[in-house]
Amino acid sequence: YQLVFLGTGLLRPSHSAIVRILTRPDVSITADPTLIDRGDTTTISGVASDEGTPIAGATVKLLARRVGHHHVTVVGSGTTADDGSVSFTASPRVSTVYRLHLIASTGVRGALSPAARVSVRIPTSLSIRGRMTPTEFVVSGVLLGGGHPLAHRPIILWAQAPGSPDWTDAGTATTNRNGLVKFHEAPAPGTGYRLAYAGGPRFSPSSSGTVVS
């Protein structure tokens, strides 16, 4: 850019020095899936381009930062393909924010992608216990998430009739503040029962073992 004064009848023309503004390449990023259970994997991918032209053969670093933290680490390195694309497979243990860093090289300026978040659900466990009383069969269990009781969570009771391969939905109840849930079933000797938690945005699904009345 340059500023130019065309002058007037009393003032001579003049102009400024030239300032060049260099643009950085574009680096896109996507994560698929964006919600995983601990131990699962996600694919972080992106495309590097300069004014619509793919940048091939460039080095790209995968940067990672735990959600809620500021420390950034390099967790992968790759090279862009002919179409400018690059991808990484990641298996974070906690919710993580990723970015792609295009490394500067001859004829290529460095650039940083926007952020892509991958949320990791906390593992859960669901115990089960069966107890026969004179009038009913009580099925109970405790739901834990990250080692702590999970309150106010819906739990499904599945039942299997003797000799049947099928499990049927026998009802839903909610855990109390201690993560405890109970079902009171009519006596049905030989019927199998198990508990299931469907999970949610923060906690992974889980299911219990089986008890038989």
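Reader: Are Asp37 and Arg121 buried or exposed?

Author: This is a predicted model, in which local features need pLDDT of at least 70, side-chain atom pairs count only at pLDDT 80 or more, and totals for chains, interfaces and linings use all residues. Residues are numbered from 1 along each chain as its sequence is written, and side-chain values use heavy atoms, with hydrogens and water left out. Buried means under 20% relative accessible area, exposed over 50%, and partly exposed in between, with a 1.4 Å probe and protein chains only. By that rule, Asp37 and Arg121 are both buried.

Reader: How far apart are the closest N and O atoms of Asp37 and Arg121?

Author: Side chains of opposite charge can pair when their charged atoms come close. A salt bridge here is a side-chain nitrogen of Lys or Arg within 4 Å of a carboxyl oxygen of Asp or Glu, and the count comes to one. Asp37 and Arg121 form a salt bridge, and their closest N and O atoms are separated by 2.7 Å.

Reader: How many residues apart in sequence are the parts that this pair ties together?

Author: Strands are DSSP runs of E, at least two residues long, numbered from the N terminus. Asp37 belongs to strand β5 (residues 35-37) and Arg121 to strand β13 (residues 116-121), so the pair links parts whose separation in sequence is 84 residues.

Reader: What radius of gyration does the chain have?

Author: The radius is taken over C-alpha atoms, and the globule rule is 2.2 Å times the number of residues to the power 0.38. The C-alpha trace spans about 110 × 40 × 25 Å along its principal axes. A compact globule of 213 residues would come near 17 Å, but the chain has 30 Å.

Notes:
Helix = DSSP H or I, 4+ residues; strand = E, 2+ residues; numbered from the N terminus.
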